[in-house]
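Here are my notes for someone opening this model for the first time. Have a look at the chain, then work through the points below.

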Amino acid sequence: MLILAAIPLGNPADASLNLREAIVSAKFIAAEDSRKFSRLCLDLGITYSAKIISFFEGNEIERVDELVKILESGSDLLVVTDAGMPGISDPGYRLARAAVEKNIKIKVLPGPSAVTTALLLSGLPSDRFCFEGFAPRAQGARNTFYESLRFEERTMVIFEAPHRLHESLVDAAAILGDSRKGAICREMTKTYEETIR
């Protein structure tokens with residue numbers, strides 16, 4: 001079985017009992033960053049004996065076949081990212097798609113989500129929203145991205161790297177209009193959580 005597990009965004013206390021049990025009992029774990037995963041386990045006071053397999057954006061496509069072979073052998077595979085849910089702007093969706101194609105059972109351990117946490121912190125309408133992932137890095141592509149959203153009426157959740165935030169906001173304001181309501185949420189669930197509306 002493929003097990004996709006939500007990982008705390010920042011506060012380890014947000015880890016579910018199901019996540020803790022899955023980590024302790026897993027034989028194979030595909031982790032986005034093994035050091036961050038080990039740190040999480042240390043913070044949770046749990047130990048694991050699973051084989052850790054590196055599974056991040058740079059090797060996701062190449063690693064899917066190897067991970068599917070583990071699943072086809074009858075072993076369960078736990079997939080974790082650095083924070084939040086696998087497959088949501090993190091590795092996981094390609095592996096889930098491959099599992100579906102091979103009739104491999106998928107289980108999701110629900111939990112923290114940066115998308116919905118930011119949506120609720122924003123104070124903007126949450127009855128209808130869209131998630132657009134990360135804005136493109138290059139300015140031209142980013143402008144095209146924002147242009148495609150110009151007439152979107154739902155609340156939009158967009159991820160951005162801290163070092164590109166200012167440029168991305170300038171581009172968004174120029175294209176979407178500087179009177180549109182918005183919020184910047186950072187360090188969610190951590191000590192220095194901040195929301196600027």
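1. Where does E187 lie? E187 sits in the loop between β8 (184–186) and β9 (194–196); helices and strands here are DSSP runs (H or I of at least four residues for helices, E of at least two for strands), numbered from the N terminus. E187 is not a glycine, yet its phi is positive, at about 55°. Most residues other than glycine have a negative phi, and most peptide bonds are trans. E187 counts as partly exposed because its relative accessibility is 33%, where buried means under 20% relative accessible area, exposed over 50%, and partly exposed in between (1.4 Å probe, protein chains only).

2. Before going on, a word on what you're looking at. This is a predicted model, so local features need pLDDT of at least 70 and side-chain atom pairs count only at pLDDT 80 or more, while totals for chains, interfaces and linings use all residues. Residues are numbered from 1 along each chain as its sequence is written, and side-chain values use heavy atoms, with hydrogens and water left out.

3. Which residue does K190 pair up with across the chain? L9 is 181 residues away from K190 in sequence, but the two C-alpha atoms are 7.8 Å apart in space.

4. S89 has a positive phi too, about 55°, although S89 is not a glycine. You'll find S89 in the loop between β4 (77–80) and α4. S89 is partly exposed, because its relative accessibility is 31%.

5. Follow the chain on to helix α4 (residues 93–101), which holds V100. Is V100 buried or exposed? V100 counts as exposed, because its relative accessibility is 53%. Together with I106 and V108, V100 forms a nonpolar patch on the surface, with about 230 Å² of accessible area in all. Patches take residues with over 30% relative accessible area and no salt bridge, joining like charges within 9 Å and nonpolar side chains (Val, Leu, Ile, Met, Phe, Trp, Tyr) within 5 Å. The areas come from the Shrake-Rupley method with a 1.4 Å probe, and for residues only the protein chains shown count as cover.

6. Now for a buried spot. L109 is in strand β5 (residues 106–109), and L109 counts as buried because its relative accessible area is 4%. L109 and I3 are 106 residues apart along the chain, with 7.1 Å between their C-alpha atoms.

7. Next, helix pairs. Two packed helices are described by the angle between their axes and the distance between the axes. The axes of α3 (residues 60–72) and α4 come within 9 Å and cross at roughly 40°; axes are lines fitted to C-alpha atoms, for helices over the stretch in contact, and angles run from 0 to 180 degrees between N-to-C directions. So α3 is oblique to α4, given that angles under 35 degrees count as roughly parallel, over 145 as roughly antiparallel, 65 to 115 as roughly perpendicular and the rest as oblique.

8. Helix α6 (residues 139–148) and helix α7 (residues 165–176) have axes that come within 9 Å and cross at roughly 40°. That makes α6 oblique to α7, and α6 passes α7 in a right-handed crossing.

9. Last, the charges. How many salt bridges are there? The count is 12, where a salt bridge is a side-chain nitrogen of Lys or Arg within 4 Å of a carboxyl oxygen of Asp or Glu. One of them joins D43 and R39 at 3.0 Å, N to O; both lie in helix α2 (residues 34–44), four residues apart, about one turn of the helix. E147 and R150 meet in another, at 2.7 Å, and R154 bridges to E152, with the closest N and O atoms 2.7 Å apart.

Technical notes. Left-handed = near helix turned anticlockwise from the far one by under 90°.
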